[in-house]
Amino acid sequence: MTASPAAPACDICRIHGDAARYGDLECHRGAHWLVRHHPLPSPLVGWTFLCTVRHVQGPADFTDAEADGFGRAMRAVSAAVRSITGCDRVYAIAFGQGAPHLHVHLVPRFDAEGGTRAWNVADWYRAVERGERPAADPTAVADFVRRLRSTLASAPIG
Ligand SMILES: [Zn+2]
């Protein structure tokens, strides 16, 4: 399935194609991978997506080049998220349900914040979405994006 660039049916293709609305959150766009911050309002500073540039459901349908680069891209972006935020670990979550286009959620996890532990992070996400919990500070998100762009400028990801 290929989405038309003129009228993308896929939400991820739509986001990737809308520089006016989402360009400020984009951190890297290469031959195979696009890295961006979660749209605002964001549940956390540093909630990052590693996406395929190509419209593809997930690893089962990767090209050889995508399969070869996936591990390096995951390592580089996860390490950058950990380094920039100072978090204890980075969760990696991919459902492929909301949009059939791989977008791995890379979520900074701080041990001191019990509300984001394991599956609790889904409750946290929904609470922000419903306005029951404050979203991440947009200024802090912008600072994170600048730092991630800088870090990935020299990272070996395609
Ligand atoms: Zn798509």
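User: How many bridges join E3 to E5, and do they run parallel or antiparallel?

Analyst: Four bridges join E3 to E5, and the two strands run antiparallel; two strands are said to pair if DSSP finds at least two bridges between them. The labels follow DSSP runs numbered from the N terminus, with helices being H or I runs of at least four residues and strands being E runs of at least two. Bear in mind that this is a predicted model, in which local features need pLDDT of at least 70 and side-chain atom pairs count only at pLDDT 80 or more, while totals for chains, interfaces and linings use all residues. Residues are numbered from 1 along each chain as its sequence is written.

User: Which residue in E5 is the bridge partner of Thr48?

Analyst: The bridge partner of Thr48 in E5 is Leu106.

User: What else does Leu106 touch?

Analyst: Leaving out residues up to four places away in sequence, Leu106 touches Thr48, Leu50, Val77, Ser78, Val81, Val90 and Ala92, where a contact means that C-beta atoms, placed from the backbone, lie within 7 Å.

User: And E4, how many bridges join it to E5?

Analyst: Five bridges join E4 to E5, again in an antiparallel arrangement, and Ile93 stands opposite His105 in E5.

User: Why is E5 described as largely enclosed?

Analyst: Five of the seven residues of E5 are buried, so the strand is largely enclosed by the rest of the structure. A residue is called buried if 20 or more other C-beta atoms lie within 10 Å of its own, exposed if 12 or fewer do, and partly exposed in between, with the C-beta atoms placed from the backbone.

User: Which residues have the most contacts inside the largest nonpolar core?

Analyst: That core has 34 residues, and those with the most contacts inside it are Val35, Leu50, Val77, Ala80, Leu106 and Leu148; a nonpolar core here is a set of buried Ala, Val, Leu, Ile, Met, Phe, Trp, Tyr and Cys residues joined through C-beta atoms within 7 Å. Helix H1 (11-17), E2, E3, H3, E5 and H5 each supply at least two residues of this core, and H3 gives the most, with seven residues.

User: Let's look at H3, then. What is its span, and where is the kink centred?

Analyst: H3 covers residues 64-85, and its 22 residues reach 32 Å from first C-alpha to last, close to the 32 Å expected at 1.5 Å a residue; the expected span is 1.5 Å times one less than the number of residues. There is also a kink of about 40°, centred on Phe70, where the bend is the angle between axes fitted to the seven residues ending there and the seven starting there.

User: Which of its residues are buried, and what do they pack against?

Analyst: The buried residues of H3 are Glu66, Gly69, Phe70, Ala73, Ala76, Val77, Ala80, Val81, Ile84 and Thr85. They pack against E2, strand E3 (48-52), strand E4 (89-93), strand E5 (103-109) and helix H5 (138-152).

User: Why does Ala79 count as partly exposed?

Analyst: Ala79 lies in helix H3, and it counts as partly exposed because it has 13 C-beta neighbours inside 10 Å. Ala79 and Thr151 are 72 residues apart in sequence and 9.9 Å apart in space, C-alpha to C-alpha.

User: On to H5. Which residues are buried there, and which are exposed on the other side?

Analyst: Val141, Phe144, Val145, Leu148 and Leu152 are the buried residues of H5. They cover an arc of only 105° around the axis, which puts them on the same side of H5; the arc is that of the directions from the helix axis to the C-beta atoms. Thr139, Arg146 and Ser150 are exposed on the other side, while what covers the buried residues includes E1, E2, E3 and H3.

User: Changing topic, where is the cis peptide bond?

Analyst: A cis peptide bond joins Leu40 and Pro41, with omega about -5°, and Pro41 is in the loop between E2 and E3.

User: Which residue has a positive phi although it is not a glycine?

Analyst: Ala118 has a positive phi of about 45°; Ala118 sits in the loop between E5 and H4 and is exposed, with 8 other C-beta atoms within 10 Å. A glycine, Gly86, follows H3 and has a positive phi near 75°.

Key. Two residues are in contact if their C-beta atoms, placed from the backbone, lie within 7 Å.
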